[in-house]
Amino acid sequence: MQQGGTSSSSSCSPVSPCFPLSRRGASACGSERNSSEPGDKRAGVVRMSSITTFYACHLLLLALSLACVVCVCVWNSQWRGGFAWDGSGLQFNWHPVLMVVGLVVLYGNGAVLYRIPLTWGQNKLPWKILHAGLMFLALILTIVGLCAVFQFHNANKIANLYSLHSWIGIAAVGLFAFQWAAGAAGFFLPCSPPALRKLLKPVHVWMGAAILILSIAACVSGINEKLFFVLKGNAVDSPPYSALPSEALLGNSLGVLIVAFGLVVFKILSNPLWQRPEASPGDLVYSPLLQEENQ
C-alpha cells in the first residue's frame, strides 16, 4: 500500500467532515485540491454549519451557567438570609451554592472543554491542565459544600444521610473523587502504560456523564426538599409551597435551569462532529500529561 493513502485516511475521520479550524486540519482534509470542486464546497458548508451550531450551543451553555449561579446566590442571600460559618442556617446556605457552582456548573463546563474547536490543532498540554484544574476546583467546592451541611446538621442535632437527595448526592461526590483520582493517575503520570490509558478513556468519559446525571438529580431533589422544608405556611407572611410564592418560583426556576444546562452539555458531548479529532498516533494511545506532546 502507498503511504499517501494511509496518511490521508488517518487524517480525517470518515464520520466527521473535518470540523477542526486549524490549518493542519484543513491541509490534512485536502485543502491542496481545487477549492472549486463541488465536494469541497459541500464540505465547507457542512463544516461552517457545524461550527455555527456548536458555538450557539456553547453560548447557550455559558448563559445557563451564569443564570444558575445568579439564581442560587440570590435565593440564598435574599430569601434565606445570607451566609455565615457558625453552625446556623446561614452556614447551610453555602451548601446549595457550592454544590450548584462546583458539581454542576464548573463540572459541566470542564466536561465540554475539549469540544471547543479553537482548542484543536494546538498543543493539548495546556488544555489537559485546564480540564484537570477546573475539575479539581469543582471537587474542592463540592467538598466544602458537604462540610457546610454536615457541620450544620451536627450542630443542630439533625440526622445525616437519611434522604434520597443525600444518597444521590454522596454517590455523585464519591464517584467524582474517584474519577478525578483515576484520571490523574491514568492521564497525568508518564509511568502509566499506554494500554491502561486506552482502556481508561472510554470508562472516564462514560463515568463523567454518569456523574453529571447524578449531580443534576441531587441538585434538583435538594432544591425541592428545601422548598418543602421552609415553605410550610406556618406564618401569615409565609405562604405554603402549594401557593407557589415568589421563593418557590425562584427555586423551581433554578431546578429548570439546571436541567436545561445538563441537556445542553449532553447535546455537545453526544455530537460526533464535535469530538476532538485524533490527529496523531500519540493521541490514539492517550499520552499522559507529563509526557511531552507535539500538539
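Reader: Happy to look at this one with you! What share of the contacts in the protein chain with a separation of 6 or more comes from residues 24 or more positions apart?

Author: Glad to have you here; please keep in mind that this is a predicted model. Among contacts in the protein chain with a separation of 6 or more, residues 24 or more positions apart account for 74%.

Reader: Which pattern of helices and strands does the protein chain follow along the sequence?

Author: The protein chain has ten helices and two strands.

Reader: Which element gives the most residues to the largest nonpolar core?

Author: That core has 45 residues, and those touching the most other members are Leu 61, Val 100, Phe 176, Leu 254, Ile 258 and Ile 268. Two or more residues come from each of helix H3 (38–79), helix H5 (94–111), H6, helix H7 (164–187), helix H8 (194–230) and helix H9 (246–270). With nine residues, the element that gives the most is H5.

Reader: Which residues is Ile 258 in contact with, leaving aside neighbours within four places in sequence?

Author: Ile 258 is one of the core residues that touch the most other members. In general, nonpolar side chains tend to be buried together in soluble globular proteins. Leaving aside neighbours within four places in sequence, the contacts of Ile 258 are Cys 68, Val 100, Val 104, Ile 216, Cys 219 and Ile 223.

Reader: Is Cys 71 buried or exposed?

Author: The cut-off for buried is under 20% relative accessible area. Cys 57 is buried at 15%. Cys 71 has a relative accessibility of 14%, so Cys 71 counts as buried.

Reader: Which residues meet in a salt bridge?

Author: The search of the whole structure finds one salt bridge. As a general point, side chains of opposite charge can pair when their charged atoms come close. Here the N to O distance is 2.8 Å, and the side chains that meet are those of Glu 247 and Arg 80.

Reader: How many residues apart in sequence are the parts that this pair ties together?

Author: Glu 247 is buried, with a relative accessible area of 5%, while Arg 80 counts as partly exposed at 24%. Glu 247 lies in helix H9 and Arg 80 in the loop between H3 and helix H4 (89–92), so the separation in sequence between the parts tied together is 167 residues.

Reader: What accessible area does the nonpolar patch on the surface have?

Author: Five residues are named in it: Trp 85, Phe 136, Ile 140, Ile 143 and Val 144. Val 144 is in helix H6 (residues 125–155) and is partly exposed, with a relative accessible area of 33%. Together, the residues of the patch have about 420 Å².

Reader: What separates the C-alpha atoms of Val 74 and Leu 250?

Author: Val 74 lies in helix H3 and is partly exposed at 31%. Leaving aside neighbours within four places, Val 74 is in contact with Trp 79 and Leu 250. Val 74 and Leu 250 are 176 residues apart along the chain, and their C-alpha atoms are separated by 9.0 Å.

Reader: One for the backbone: what phi does Leu 161 have?

Author: Leu 161 lies in the loop between H6 and H7 and is partly exposed at 40%. Although Leu 161 is not a glycine, its phi is positive, at about 55°.

Note on methods:
Residues are numbered from 1 along each chain as its sequence is written. This is a predicted model: local features need pLDDT of at least 70, side-chain atom pairs count only at pLDDT 80 or more; totals for chains, interfaces and linings use all residues. Side-chain values use heavy atoms; hydrogens and water are left out. Buried means under 20% relative accessible area, exposed over 50%, partly exposed in between (1.4 Å probe, protein chains only). Patches are made of residues with over 30% relative accessible area and no salt bridge: like charges are joined within 9 Å, nonpolar side chains (Val, Leu, Ile, Met, Phe, Trp, Tyr) within 5 Å. Accessible areas come from the Shrake-Rupley method with a 1.4 Å probe; for residues, only the protein chains shown count as cover. A salt bridge is a side-chain nitrogen of Lys or Arg within 4 Å of a carboxyl oxygen of Asp or Glu. Helices (H or I, at least four residues) and strands (E, at least two) are DSSP runs, numbered from the N terminus. Contact means heavy atoms within 4.5 Å. A nonpolar core is a set of buried Ala, Val, Leu, Ile, Met, Phe, Trp, Tyr and Cys residues joined through side-chain atoms within 4.5 Å.
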